[in-house]
Amino acid sequence: MATLPNPLPKLTSDPTGAALGLQLPPGRLVDATDEGPWHEPLLWLADEKAAPGDWATLAPARRSAGLLPVVVDAGGLHGGPQDWELAPDAVSYPGDHDADEVLADLWEEYAAGETQEDWPGLADATADPDSGSGSRSAEDPDAVAMDIADDLVERGGLLEEPRLALVPARRSADIPAAIGWSGPVNHEGDTARLCAVLRSWEDRFGIRVVALGFDHLLVSVAFPPVTLAEAEAVAAEHFAFCPDNILQSGDTGIRAYAENRLLGRPAWHFWWD
């Protein structure tokens with residue numbers, strides 16, 4: 001996978017990150033993979049449970065060091081990222097894949113038999129920075145991500161032990177691929193293909209990767225669909241991206257899923273069985 005230079009090794013001798021312009025709390029570097037230690041750290045993981053405001057504290061790392069914040073689950077049945085069987089050697093580069101082609105392939109494999117319909121294509125963008133008016137052009141995706149992260153750690157429930165992490169990645173959508181996350185392995189073996197979809201959602205809906213568990217993912221959404229037609233178009237993409245979201249959600253099909261879980265929602269959650 002093509003990556004930027006990794007600044008994390010500098011934290012070995014400089015754990016506060018002062019040389020990178022950071023003031024990190026106590027934490028450690030994670031290099032554990034399914035085949036032993038990786039040749040360089042994959043992420044920095046805080047020692048203490050995340051609290052509201054922590055995301056804002058780490059957000060400057062994006063500008064000063066090229067490190068992106070994400071909340072990870074460090075507890076529960078599957079343990080933390082050091083126990084997740086990360087597989088960076090099995091991941092390609094998200095930029096080498098086309099989101100429409102990825103979703104079309106996954107639709108044919110997983111969704112077409114359920115819906116009896118052809119792949120409808122990508123939904124129209126709801127983010128329109130050139131519109132000059134309306135709330136859709138006013139939201140800051142990074143600010144929305146911060147709010148969702150704070151709400152996540154304050155409310156609890158989704159993650160057993162939420163902790164803040166920093167990942168060397170070009171953009172938020174690349175975070176799962178950058179660490180070799182294998183949460184969707186039963187659905188898609190190359191996480192970079194799903195990250196290509198996340199990149200497209202960044203561009204069209206202003207998403208940011210906010211949280212990762214062993215087999216689930218939470219993204220913030222700055223520009224969610226606000227009409228049922230828009231939501232149904234996005235729901236088709238979700239069906240291809242993560243069929244379990246719809247097949248095991250209790251919703252009766254794409255329309256119900258769109259209405260109940262996508263319409264105006266500032267966060268999307270995915271989990272793979």
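Which elements do the buried residues of α9 pack against? They pack against α3, α7 (228-241), α8 (244-247) and β9 (267-271), where packing rests on contact, meaning heavy atoms within 4.5 Å. Helices (H or I, at least four residues) and strands (E, at least two) are DSSP runs, numbered from the N terminus.

A word on the ground rules before we move on. This is a predicted model, in which local features need pLDDT of at least 70 and side-chain atom pairs count only at pLDDT 80 or more, while totals for chains, interfaces and linings use all residues. Residues are numbered from 1 along each chain as its sequence is written, and side-chain values use heavy atoms, with hydrogens and water left out.

**Stop 1: helix α9**

Select residues 254-262, which make up α9. Ile 254, Ala 256, Tyr 257, Ala 258 and Leu 262 are buried here; buried means under 20% relative accessible area, exposed over 50%, and partly exposed in between (1.4 Å probe, protein chains only).

**Stop 2**

Now show the strands as a cartoon. Seven of them form an open sheet in the order β1-β4-β6-β5-β7-β8-β9, with mixed pairing. Two strands count as paired if DSSP finds at least two bridges between them. β1 (27-30) and β9 stand at the edges with a single partner strand each, so one side of each is left without a neighbour in the sheet. From one strand to the next, the twist averages 30°.

**Stop 3**

Select β5 (67-73). How many of its residues are buried? Seven of its seven residues are. In a regular strand the side chains alternate between the two faces of the sheet. On one side of β5 you will find Leu 67, Pro 69, Val 71 and Asp 73, and on the other Leu 68, Val 70 and Val 72, all buried.

β5 pairs with β6 in the antiparallel sense over seven bridges, and Leu 68 has Val 167 as its bridge partner in β6. With β7, β5 pairs in the parallel sense over two bridges; there, Val 71 is partnered by Ala 211. Stay with β6 (residues 162-168) and look at β4 (residues 43-46): these two pair in the antiparallel sense over two bridges, with Ala 165 of β6 as the bridge partner of Leu 45.

**Stop 2**

**Stop 3: two polar side chains**

Centre on His 216 in strand β8 (residues 216-221). His 216 is buried, with a relative accessible area of 12%. Its side chain makes a polar contact with that of His 269 (3.1 Å); such a contact is a pair of N or O atoms within 3.5 Å, and within protein one must be able to donate a hydrogen and the other to accept it, with residues adjacent in sequence counting only if both atoms are side-chain atoms.

Then jump to Glu 237 in helix α7. Is Glu 237 buried or exposed? At 0% relative accessibility, Glu 237 is buried. Its side chain reaches the backbone nitrogen of Ala 123 at 2.7 Å.

**Stop 6**

Across the whole structure, a search finds zero disulfides, a disulfide being a pair of cysteine sulfur atoms within 2.5 Å.

Finish at Glu 85, in the loop between β5 and α3. Glu 85 has a positive phi of about 55° although it is not a glycine, and it is exposed, with a relative accessible area of 55%. Most residues other than glycine have a negative phi.

Notes:
Axes fitted to C-alpha atoms, helices over the stretch in contact; angles between N-to-C directions.
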